[in-house]
Structure formats: C-alpha cells, structure tokens
Amino acid sequence: MSEESERETNPPPPPPCPTVSQREQWMVESQVFQIYQLFATIPRNAQTLMLELQRDNHMQYVSKGLRHLSSAFSVLDANRPWLCYWIFHSIALSGESVDDELEDNAIDFLNRCQDPNGGYAGGPGQMPHIATTYAAVNSLITLGGEKSLASINRDKLYGFLRRMKQPNGGFRMHDEGEIDVRACYTAISVASVLNILDDELIQNVGDYIISCQTYEGGIAGEPGSEAHGGYTFCGLATMILIGEVNHLDLPRLVDWVVFRQGKECGFQGRTNKLVDGCYSFWQGGAVALLQRLSSIINKQMEETSQIFAVSYVSEAKESLDGTSSHATCRGEHEGTSESSSSDFKNIAYKFINEWRAQEPLFHSIALQQYILLCAQEQEGGLRDKPGKRRDHYHTCYCLSGLSLCQYSWSKHPDSPPLPNLVLGPYSNLLEPIHPLFNVVLGRYREAHEFFFTES
Amino acid sequence: MKEGEQQRVPLRERAEWSDVTPLPQNDGPNPVVPIQYTEDFSQVMDYFRAVYLADERSPRALALTAEAVQFNSGNYTVCQVRIKCFRLHLFLFISSLLQVWHFRRLLLESLKVDLNAELDFVERMAAGNSKNYQMWHHRRWVAEKLGPEARKNELEFTKKILSVDAKHYHAWSHRQWVLQALGGWEDELNYCTELLKEDIFNNSAWNQRYFVITRSPFLGGLKAMRESEVLYTIEAIIAYPENESSWRYLRGLYKGETTSWVNDPQVSSVCLKILRTKSNYVFALSTILDLICFGYLPNEDFRDAIDALKTADMDKQNLDDNEKGEQQNLNIAQNICSILEQVDPIRTNYWIWRKSRLPLSA
C-alpha cells in the first residue's frame with residue numbers, strides 16, 4: 001500500500017531518449033510556435049498583413065500551371081485531370097474563372113482523356129481510372145456551361161462504374177485495379193452529381209465502408225488498415241450520399257476527427273502523425289459533414305446511453321433488456337435506412353438546402369490561422385507545413401479547408417459569415433463549397449440543374 | 001549502375017526497336033496542364049504506346065515497361081528533381097504510370113516470367129519511390145500468383161520498408177494482406193511489441209496489434225486476448241498518459257462489449273491514477289466522461305480528483321455536488337466538460353457540444 005502510494009506520488013521518469021514520433025512532433029511544433037510567437041510580437045497592422053490571403057499570388061501560381069508544367073511533373077503524367085481539378089477549383093474558390101479560350105482547351109483536353117467505353121483516363125489514350133474520372137468530372141462542373149457539362153458521356157460512365165464494382169460493395173480503381181474506400185467515394189460522388197446513381201451502384205457499399213471503420217473511430221482505406229483522414233472523408237461522404245450514414249458509429253467518428261486537430265492548430269491525418277495542410281479539407285471536411293448530422297448523432301448517443309442506463313438500473317435483466325433495446329434500435333435504423341435510401345438521388349441537394357445551423361465542432365479560427373500563417377507561401381501557393389514546398393494539391397485542399405472554416409458558422413451554406421468569423425481581412429473570404437463533392441456551390445447548383453431537370 | 005546510366009542509348013538508336021514506329025500522345029492542338037517532358041521520357045512513352053496498342057507480348061516490351069517505371073523511380077533524374085518527384089507521391093489519389101504497370105502484368109502472364117525475379121524488380125523500384133499505389137498493387141498481384149511461397153519474402157520486404165518509415169500506410173496494408181492471404185501470423189504480435197518498444201507513439205503498430213489480436217487464427221480473438229492486452233495497454237498509458245494511441249486501443253479492446261468496458265475496474269482505476277498526477281489528463285477525463293455517458297457511477301475518489309482539477313472560475317459556477325443519483329452524475333459530467341474546455345482549448349467547441357448532449361439531461 002505504501003509502496004503503491006509512493007509509486008503514485010513519484011511516477012517512474014520516462015526514458016531519456018524520446019521516440020521518433022516525439023522528436024518529429026516536437027520539431028514541427030517548434031517551427032509552428034516560432035511563427036506564432038513572431039506573429040504575436042509584431043504590430044497590429046503588420047499582423048493584418050501576415051493574415052492576408054495572397055489571392056493574386058495564388059491565382060498567378062496556379063494559372064501558370066495551366067499553360068506550362070516542368071519536366072518534374074512527369075510523375076503526374078497519369079494524373080493530368082487532377083492537375084486540372086486542383087487548379088480550376090482553386091481559381092473558382094477565389095471567385096474567378098478562366099477565359100473562354102482556356103475553357104475550350106480544357107474541355108477538349110478532358111474529352112481526349114475520356115475513354116470510348118466510359119470514364120476518364122489520366123491522360124489522352126490512357127486507361128480510365130475512377131479517381132481521374134472524379135477529377136475530370138469535378139473540373140468540368142467547375143468550368144460550368146452547357147458545352148462543358150454536355151461533354152460528359154454519362155451512359156458510358158455508368159457502364160464503367162458498373163464494371164469496376166465488386167460483389168463486396170467496393171469498387172476497383174481501374175480495370176483489375178486496387179479496391180479501397182477512395183474508389184467508393186470517387187465512384188459514388190461522380191454518380192451522385194451526374195444523376196446516374198442507382199441501387200446497383202449502391203449495393204453493399206455501406207457494408208464495405210462499415211467494415212473499414214476502425215476501433216479508433218476513424219475510417220481506414222481497407223478493412224483492418226489504420227484510420228486515416230483522407231479515407232475518413234471519403235467513407236463518411238459516401239455513406240451520406242447513399243443514405244446509410246446512420247450505420248456508422250458516429251459518436252466515435254466525431255471523437256476521432258476532432259482529436260486530429262492539434263495544438264499547431266492544423267489537422268493531422270492519423271493519430272500521432274504530423275500536421276498537414278491538406279487535412280484542412282479531408283478532416284475539416286469530415287467534421288463539417290458531421291456538424292450537419294447532429295440529429296442522427298444525437299439519436300445514436302441517446303440510444304446507447306438509454307441502453308446502458310437501463311442495464312445499470314436493472315442489472316439482473318441486463319441480457320433481456322439489452323437484447324430488446326438493440327432490436328428496437330436496429331428496427332429504427334432499418335426504417336431510417338429504407339426511407340432515406342429510396343431518396344438517395346436527392347440527398348446531396350437536400351444536404352445543402354436543408355442546412356441546419358449548428359456551431360462548428362472544430363476550432364475554425366485556429367485552423368484558419370494555421371492555413372494563413374503556416375501553410376501559405378507569400379509568393380503564391382500553399383503547402384503541407386512550414387519548410388515544405390508549395391504544390392497544386394496542397395493549394396487546392398488548403399483553400400478548400402479555409403472556405404469550410406469561413407462558412408462553418410453559417411445558417412445557410414452560402415450566407416456570408418460575420419467578419420469576426422473570417423480570420424484576417426474580410427477580403428480573405430472565399431466562395432462556399434458543397435462539402436460532399438468539394439465543388440464551389442454555385443457550380444454545383446448549375447450542374448444539378450443541368451443533370452436533374454434535363455431527364 | 002552509374003556507368004550504365006551515362007551510357008544509356010536512346011530507343012530510336014537501338015537496332016531491336018527499328019521496326020517500331022513510336023506513337024506520340026495525342027494532346028490535341030492546345031493542351032492544358034502541358035507537361036514539358038524530357039526527350040528521354042517522351043521517347044520511352046511513345047514507344048510504350050506503340051507496343052501497348054499493338055498488344056505486343058514480347059520480352060522487349062517487358063524490358064520497355066521496366067525502363068518506363070525506372071523513370072518514375074528517379075533513377076534517371078537529377079537529385080533535386082528526384083526529391084520533388086518523391087514528395088508528389090504522397091498524395092492520396094495519385095496513380096503513377098497506371099497503364100505501364102497494368103501492361104506489365106499482362107506481359108508477365110503471357111511470357112510466363114519467373115515471378116520471383118519480378119519481386120526483385122519491384123523491390124529495386126521501391127527503393128526510390130515506395131508511396132505509389134500502382135507499385136503496391138503490382139506487388140500484391142505478383143505475391144498472390146506465387147502463393148504461400150511468397151510469404152517470407154513479403155514479410156521481409158515490408159519489414160525493411162517499415163524499418164525506415166515505421167508508419168508507411170501502403171506497407172502496413174500490404175503486410176495485412178500477406179498475413180490474411182499467405183499466413184505468417186506466428187511472430188506478428190512479437191513484431192508489434194518490438195516496434196512499440198522502440199516507439200510507443202507508433203499508431204500504425206498499435207493498429208497492427210489490434211489487427212493481430214482480432215484476426216490471428218492462433219490467438220483466439222479479442223475476448224481471449226483482452227486480459228493480457230489490457231495489462232499491456234494500462235502499462236503503456238501509465239508510462240505516457242499523453243499518448244492517444246494507447247487510450248484508443250484500450251477502448252477498442254472492449255469493442256462491441258461496452259458494458260464490460262464500463263464495469264471493468266481496471267479502466268476506471270487507470271483513469272483515476274492519471275487524474276491524481278494532475279498532468280496529461282485530457283484522455284483520462286475524456287474516458288471518464290464517456291464512461292459516465294454509458295452509465296458509470298463515479299465514486300467519491302473520482303469526485304475528489306475531478307474537484308482538484310477545477311479552476312477558481314469553475315468553483316464560482318456553484319455546481320452542486322451534493323445532489324444524489326442522476327443529478328450528481330450530471331454535475332460531474334458537466335464539470336468534466338468544463339475542465340476540458342479549459343485544458344484542451346483547441347477542442348472547446350467539441351466539449352461545449354458534449355456538455356449540451358449529456359444523456360442524463362434529456
């Protein structure tokens with residue numbers, strides 16, 4: 001007893017050598033806090049300058065890529081629709097668009113990536129791939145206009161998705177390709193936005209994604225793999241789009257996601273991994289989606305607490321009561337699933353039209369601070385973290401995350417936020433996005449009108 | 001190798017390719033996102049397109065795919081570009097040389113190549129660039145063809161990569177596939193223990209540990225392993241209470257059996273122990289909050305430990321700790337949320353939301 005008490009009083013000192021994880025984490029924290037301390041010491045007007053989104057420089061950086069990319073980009077030779085998407089989406093987030101000539105050139109180029117049998121390849125004449133299909137479709141929606149939207153061969157694309165679908169509910173990324181949660185999201189997202197989603201494409205997708213939710217609460221790329229921010233966004237968005245989000249353990253998912261925002265103010269992708277600006281969207285997007293599911297989450301929390309409250313009060317009848325409660329819950333879930341699944345075509349549209357105001361679950365001001373002070377390069381482009389190089393991918397997803405932050409308190413998806421909710425000058429305000437697709441809201445609405453009223 | 005690089009002969013100057021007309025990529029008159037390919041790169045790809053469209057199943061086509069893949073491994077580029085190339089492959093959706101890897105698999109099947117040699121090839125390519133979905137997909141395909149004989153090689157291969165990057169997502173996913181498809185479970189728990197001994201914050205190793213105890217055919221499953229794993233985890237928690245991985249793992253050990261989690265005195269005991277240290281107690285408080293929401297009744301020791309963490313501001317809120325039963329539980333839960341708002345400011349919004357959703361207030 002005294003020995004135990006003594007041990008509690010004087011816990012054994014930790015080993016002298018920090019682990020790799022600790023060293024790397026402390027190094028990043030040191031870099032970030034140095035920036036924040038510098039920021040805290042400069043005059044207010046200088047602070048405002050530091051917090052300014054260098055919009056013109058970012059636009060100059062991404063626009064240049066539309067006309068010229070160095071030979072280093074050869075490694076992205078099979079991903080050119082992604083380059084299109086990262087660039088066009090960044091431009092649209094800024095409230096701008098490209099000129100008519102570039103637009104026509106982009107439509108023509110993406111058409112050359114479109115496979116005769118459906119889907120889009122990573123380059124002209126290459127194999128179609130679900131991820132580059134998502135990138136191409138989102139690019140064309142972002143460009144907007146009838147010429148762009150009409151260039152998508154939906155019938156052939158549907159056939160491509162059906163060929164990629166697996167009995168276990170997953171999708172192959174390409175012919176004989178890998179199966180994971182990314183493929184589920186890119187396939188379902190594209191089918192949903194183009195109004196070609198049906199029961200065949202949805203079949204068993206929910207089961208596959210449920211098998212990827214880990215003991216941590218987040219979602220992994222494959223069953224058994226580690227919970228990861230990119231896959232969590234993909235899995236969650238997919239479950240919403242197919243009307244089965246109530247089958248995820250949402251309270252655990254919320255808890256996992258909110259703990260991915262660290263003291264650096266940005267999000268990490270996995271537990272005990274380093275902060276990365278792109279998770280401003282992948283994790284920030286997941287928490288933004290969860291914010292809009294509060295009624296379902298509340299229901300799940302009430303159900304579980306009621307079950308165990310009953311169990312506690314009447315422990316002798318634990319087994320019987322537990323069984324009964326579970327049966328009741330399952331029935332309700334099935335009811336919810338049935339009613340919503342028959343309406344999956346409208347889920348994405350309703351998601352933004354039946355927006356319920358709810359305070360954000362993450363620290364949106366802190367995340368804006370990370371993006372503007374740590375991820376932003378003053379000369380243009382955004383990045384992973386201080387010390388890393390800017391690139392189009394991080395520019396796109398940091399700006400997307402910034403938009404989510406700015407509108408995180410909004411009562412309607414596109415109602416302008418109050419100035420105090422936008423860190424830095426109000427000119428930092430970006431266009432709102434549809435969080436399920438990461439497409440600027442206005443372009444989504446135009447696409448919805450085109451694809452849903454035409455038929 | 002270096003000498004070989006310098007003496008590389010362009011394809012169009014090699015006799016064995018004289019019968020092939022290279023096929024340029026049809027970018028159209030005004031392509032967007034145009035990549036300024038090096039002459040070497042575009043030449044290799046032009047020849048590749050020609051043999052691909054001709055569906056030529058030949059040894060020279062196989063050699064050509066190897067040459068194309070090497071370009072993306074940085075073997076023929078300057079160091080600076082190689083670094084840039086490497087970083088680009090960290091992205092979530094990016095596939096590299098999709099068509100080349102795909103065609104290579106068709107060739108391997110048609111030409112009945114020794115697949116063990118293919119494992120060597122993949123390993124050499126992984127040296128320069130191991131975060132490439134296509135390479136890992138290819139590796140899985142080859143190992144699957146080889147069957148159980150590939151087990152040892154695959155476990156060694158992933159182990160080598162994990163020794164350099166202990167959290168390599170693709171390597172771990174591949175290793176899990178190997179275990180499930182080819183076996184090799186016997187030493188896996190020991191492997192996890194070793195990695196966690198080196199770095200107790202390695203969440204990938206914790207995840208693998210969970211994978212093993214739940215799926216290994218030798219261990220009997222979660223229930224059978226729970227007692228020993230709880231002891232292991234509690235020791236890790238006490239050593240580093242700020243380590244989120246061990247707390248989430250502990251919760252996972254009771255997955256599907258929340259009642260056991262609530263009623264296990266080991267769980268509440270370790271929380272109390274950490275609270276009394278008055279440092280790094282965010283996860284302990286969060287766990288107690290969850291326990292209370294699932295029906296746990298904290299005793300006086302807990303109430304005292306929690307009171308000790310309250311700030312002067314919170315005392316002024318005059319929360320009544322003297323009420324009984326459900327009301328008392330509600331007050332304790334509210335106090336926990338208030339404390340967490342203070343000590344975990346990045347998650348203030350979350351704790352406020354949790355406070356508004358406490359079950360006993362419904």
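## Confidence of the model

Chain A of this predicted model has an average pLDDT of 87. A score of at least 70 is reached by 87% of its residues.

Where pLDDT is low, the predicted coordinates should not be read in detail.

## Interface of chains A and B

Contacts between the two chains involve 102 residues of chain A and 89 residues of chain B. The buried area between chain A and chain B comes to about 8,600 Å², with carbon and sulfur atoms giving 56% of that area.

Polar contacts link 40 residue pairs between chain A and chain B, counting pairs with both residues at pLDDT 80 or more. The interface also holds 5 salt bridges by the rule applied. One of the salt bridges joins A:R80 to B:D27, with the closest N and O atoms 3.1 Å apart.

On the side of chain A that touches chain B, the element that gives the most is helix α16 (residues 294-313), with 7 residues. Sorted by class, this side of chain A has 44 nonpolar, 34 polar and 24 charged residues.

A:N428 lies in a loop of chain A, between α20 (392-406) and β1 (433-434). Is A:N428 buried or exposed? A:N428 counts as buried because its relative accessible area is 1%, and the cut-off for buried is under 20%.

With neighbours within four places in sequence set aside, the residues in contact with A:N428 include A:L51, A:E52, A:L53 and A:R55.

## Fold of chain B

The secondary structure of chain B consists of 20 helices and 0 strands. Chain B has 362 residues, of which 58% are buried.

Terms used:
Residues numbered from 1 in each chain as written. Chains lettered and ligands numbered in written order. Predicted model: local features only at pLDDT ≥ 70, side-chain atom pairs only at ≥ 80, totals over all residues. Heavy atoms only, no water. Helix = DSSP H or I, 4+ residues; strand = E, 2+ residues; numbered from the N terminus. Buried < 20%, exposed > 50% of the residue type's maximum accessible area, 1.4 Å probe, protein only. Contact = heavy atoms within 4.5 Å. Buried area = accessible area lost by both parts, 1.4 Å probe. Salt bridge = Lys/Arg side-chain N within 4 Å of Asp/Glu carboxyl O. Polar contact = N/O pair within 3.5 Å; in protein donor to acceptor, adjacent residues only side chain to side chain. Nonpolar A, V, L, I, M, F, W, Y, C, P; charged D, E, K, R; others polar. pLDDT = per-residue confidence, 0-100.
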